[in-house]
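Dear colleague,

I am handing over the structure that follows, together with some notes on what turned up in it. Please keep it open beside this message while you read.

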Amino acid sequence: MLFPSLRGIIALDIDGTVTAQRHDIDVGVIETLSRYASENWGIIFITGRPFQWGEVSLRPLQFPYMI
């Protein structure tokens, strides 16, 4: 297993899935993902947009993730 200490991996698209508007992530989504991260789930974000676009969208997140 790639990450043996994780309970599992949650992979989500950014644009329109975790963002409500152009770059805005709803507070409830942030709280839910933060809870999963604190419960040792790996969080991975995917997007077809440029890296810089995704990075701006995910700035409010205060937990480790992969993009």
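Contact, as I use the word here, means heavy atoms within 4.5 Å. Please bear in mind that this is a predicted model, in which local features need pLDDT of at least 70 and side-chain atom pairs count only at pLDDT 80 or more, whereas totals for chains, interfaces and linings use all residues. Residues are numbered from 1 along each chain as its sequence is written, and side-chain values use heavy atoms, with hydrogens and water left out.

Leaving aside neighbours within four places in sequence, Thr-19 is in contact with Ile-14, Asp-24, Ile-25 and Ser-57. Its relative accessibility is 4%, and Thr-19 therefore counts as buried (buried means under 20% relative accessible area, exposed over 50%, and partly exposed in between, with a 1.4 Å probe and protein chains only). The side chain of Thr-19 also reaches the backbone oxygen of Ile-14, at 3.1 Å.

Leu-61, when residues up to four places away in sequence are not counted, touches Ile-25, Ile-30 and Phe-45.

How many salt bridges does a search of the whole structure find? There are two, where a salt bridge is a side-chain nitrogen of Lys or Arg within 4 Å of a carboxyl oxygen of Asp or Glu. In one of them the side chains of Arg-49 and Asp-15 meet at 2.6 Å, N to O. Arg-49 lies in the loop between β2 (41-46) and α3 (51-58), and Asp-15 in helix α1 (residues 14-18), so this pair ties together parts that are 34 residues apart in sequence. Arg-49 is partly exposed at 37%, and Asp-15 is likewise partly exposed at 31%. The other bridge joins the side chains of Arg-59 and Glu-55 at 3.0 Å, N to O; Arg-59 is exposed, with a relative accessible area of 53%, while Glu-55 is partly exposed at 28%.

Finally, the structure holds three aromatic pairs, for which rings of Phe, Tyr and Trp (its six-membered ring) must have centres within 6.5 Å, with planes under 30 degrees apart counted as stacked, over 60 as edge-to-face and the rest as tilted. Among them, Tyr-36 and Trp-41 are edge-to-face, 6.3 Å centre to centre and with 85° between the planes. Phe-45 and Tyr-65 are also edge-to-face, at 5.5 Å and 80°, and this pair links distant parts of the chain, Phe-45 in strand β2 and Tyr-65 in the segment after α3, 20 residues apart. Phe-45 is buried, with a relative accessible area of 1%, whereas Tyr-65 is partly exposed at 29%. Ring pairs link Phe-45, Phe-63 and Tyr-65 into a cluster.

With kind regards

Technical notes. Helices (H or I, at least four residues) and strands (E, at least two) are DSSP runs, numbered from the N terminus. A polar contact is a pair of N or O atoms within 3.5 Å; within protein, one must be able to donate a hydrogen and the other to accept it, and residues adjacent in sequence count only if both atoms are side-chain atoms.
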